[in-house]
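Here's a quick briefing to read with the model open beside you.

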Protein chains: 2
Amino acid sequence: MRNETRIILASASPRRRELLSQIGLDFEVMVSQVEEKVSSMLPERVVEELSAQKAEAVLAALPDSRENVLVIGADTVVALEGQILGKPGSPQEAARMLRSLSGKAHGVYTGVTLLYRPGEGPVREAACAWRGGPCPSGRPQGGTDFILQKTFHERTDVVFCPLTEEEIAFYVSSGDCMDKAGAYGIQGIFARYVKGIRGDYNNVVGLPVGRLYQEAKEWLI
Amino acid sequence: MRNETRIILASASPRRRELLSQIGLDFEVMVSQVEEKVSSMLPERVVEELSAQKAEAVLAALPDSRENVLVIGADTVVALEGQILGKPGSPQEAARMLRSLSGKAHGVYTGVTLLYRPGEGPVREAACAWRGGPCPSGRPQGGTDFILQKTFHERTDVVFCPLTEEEIAFYVSSGDCMDKAGAYGIQGIFARYVKGIRGDYNNVVGLPVGRLYQEAKEWLI
């Protein structure tokens, strides 16, 4: 893909970085501390709000310039029967989470926010046209006059095989579960316990790259 | 996993090798030439029959011994509206396949055959019990008296985003499509064009490791 735009992934997750590389995008990683605030307990709202806060914090820290910038923020949670499961705080909590997910279906939600700040020249003209009008005459001195935003989420349902206590103990002792929402990583050894999914697989890993590419491409090409 | 059994993957596919490593199995790769013969045009039968032929050819080439051996054969096809798509013979055929899959759902079928030849000792006793009876008294000299077999298939439905002619040309020119059934690899850059799936993701890559592990574990642990 021709890179007329500087793409920034606002996430420290190595898995999100791999996924964005996998679909052939050229990007940098920048992370800003955000105080996470949510106005809802619905998983789809939580991940959308947190993805927006992460993207906004990174864009706010970037000096304005004439370049086109696309910032991608993302957040993932696991939800079981309306209850959000984040990252486990201890091996005991990881085992409890896995026990609660055993033999059942749960939802994985990833929220994504794309913030696009057009620079100057033809890309800016195209961005104005996309907004539905001509460009404002004269861009503010050293300032941004408009930012395009898309925020969405994808949900993937994941069905686990029934897990025995030995399997839970074995997996928890591998340590693979500790930095992951819901206490499992679908892309590792845990694949042996996954019966199937419905939705985008990469959404479970941390980034719905199918939808992301489809949403971003009209701004990038 | 404790390896009381020698595990052999009867497939040259590097993707199947990666998947089997991912779920933590310790195995070797052996491939025997087979003359592929199928008695049906149903995708689920085709992949089951071919997986069995591959596994049988490898087991037949192994000298009998006192060790426990598990041979895993697999075969994958893509089916669109009842029509089987294999590997494309040319870039033009790859483009035609992708055009036919664009914006639609198709099925990916992987057939798996597990052949288990128990050696001697407690594992053999367990295998006899699994068959439902005591072990035959006295194993034939240098010969195999029984082999356990499981053959099954998994189907995963995959939905593509609509593909433009430019996207098809771009992907075909990457060369990623040429050695793959249906002319795409879900685990590479093509992920940007995949809307979602239903079933086991790894089945699309080439091996349904969730089902495979569940089926094999009663013989292995």
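In chain A of this predicted model, look at the contacts with a separation of 6 or more: 73% of them are between residues 24 or more positions apart. As for burial, 54% of the 221 residues of chain A count as buried.

**Chain A as a whole**

- If you tally up the secondary structure of chain A, you get seven helices and seven strands.
- Follow chain A along the sequence and the order reads β-α-β-α-β-β-α-β-α-β-α-β-α-α.
- The C-alpha trace of chain A spans about 65 × 30 × 25 Å along its principal axes.

**Helix α1 of chain A**

- Which residues of α1 in chain A are buried? In this helix, which runs over residues 14-22, they are A:Arg15, A:Arg16, A:Leu19 and A:Leu20.
- These residues sit on the same side of α1(A), because the arc they cover around the axis is only 135°.
- Here's the handy bit of background: an α-helix has 3.6 residues a turn, so residues three or four places apart point the same way.
- The cover over the buried residues of α1(A) comes from several parts of chain A, including β1 (5-9), α2 (43-61) and β3 (68-80). Also among them are α6 (201-205) and α7 (209-220).
- Now check the two ends. At the start of α1(A), A:Ser13 has a side-chain oxygen that comes within 3.2 Å of the backbone nitrogen of A:Arg15.
- Just after α1(A) you'll find A:Gly24, with a positive phi of about 85°.

**Helix α3 of chain B**

- Over in chain B, helix α3 covers residues 91-101, and its buried residues are B:Ala94, B:Ala95, B:Met97, B:Leu98 and B:Leu101.
- Why do they end up on the same side of α3(B)? Because they cover an arc of only 160° around the axis.
- After α3(B) comes B:Gly103, which has a positive phi near 70°.

**Where chain B meets chain A**

- How many residues of chain B are in contact with chain A? There are 27, and they touch 27 residues of chain A.
- About 2200 Å² of area is buried between chain B and chain A, with carbon and sulfur atoms giving 47% of it.
- Three residues stand out here: B:Gln22, B:Arg192 and B:Tyr201 supply 27% of the area that chain B buries against chain A, more than any other three residues.
- There are two salt bridges between chain B and chain A. B:Glu167 forms a salt bridge with A:Lys217, and the closest N and O atoms are 2.7 Å apart.
- On the side of chain B that touches chain A, β7 (194-199), α6 (201-205) and α7 (209-220) of chain B each supply at least two residues. β7(B) gives the most, with six residues.
- Sorted by class, that side of chain B has 12 nonpolar, nine polar and six charged residues.

Key. Residues are numbered from 1 along each chain as its sequence is written. Chains are lettered from A and ligands numbered from 1 in the order in which they are written. This is a predicted model: local features need pLDDT of at least 70, side-chain atom pairs count only at pLDDT 80 or more; totals for chains, interfaces and linings use all residues. Side-chain values use heavy atoms; hydrogens and water are left out. Buried means under 20% relative accessible area, exposed over 50%, partly exposed in between (1.4 Å probe, protein chains only). Helices (H or I, at least four residues) and strands (E, at least two) are DSSP runs, numbered from the N terminus. The arc is that of the directions from the helix axis to the C-beta atoms. Contact means heavy atoms within 4.5 Å. A polar contact is a pair of N or O atoms within 3.5 Å; within protein, one must be able to donate a hydrogen and the other to accept it, and residues adjacent in sequence count only if both atoms are side-chain atoms. Buried area is the accessible area (1.4 Å probe) that two parts lose on being put together, summed over both. A salt bridge is a side-chain nitrogen of Lys or Arg within 4 Å of a carboxyl oxygen of Asp or Glu. Ala, Val, Leu, Ile, Met, Phe, Trp, Tyr, Cys and Pro count as nonpolar, Asp, Glu, Lys and Arg as charged, and the others, Gly among them, as polar.
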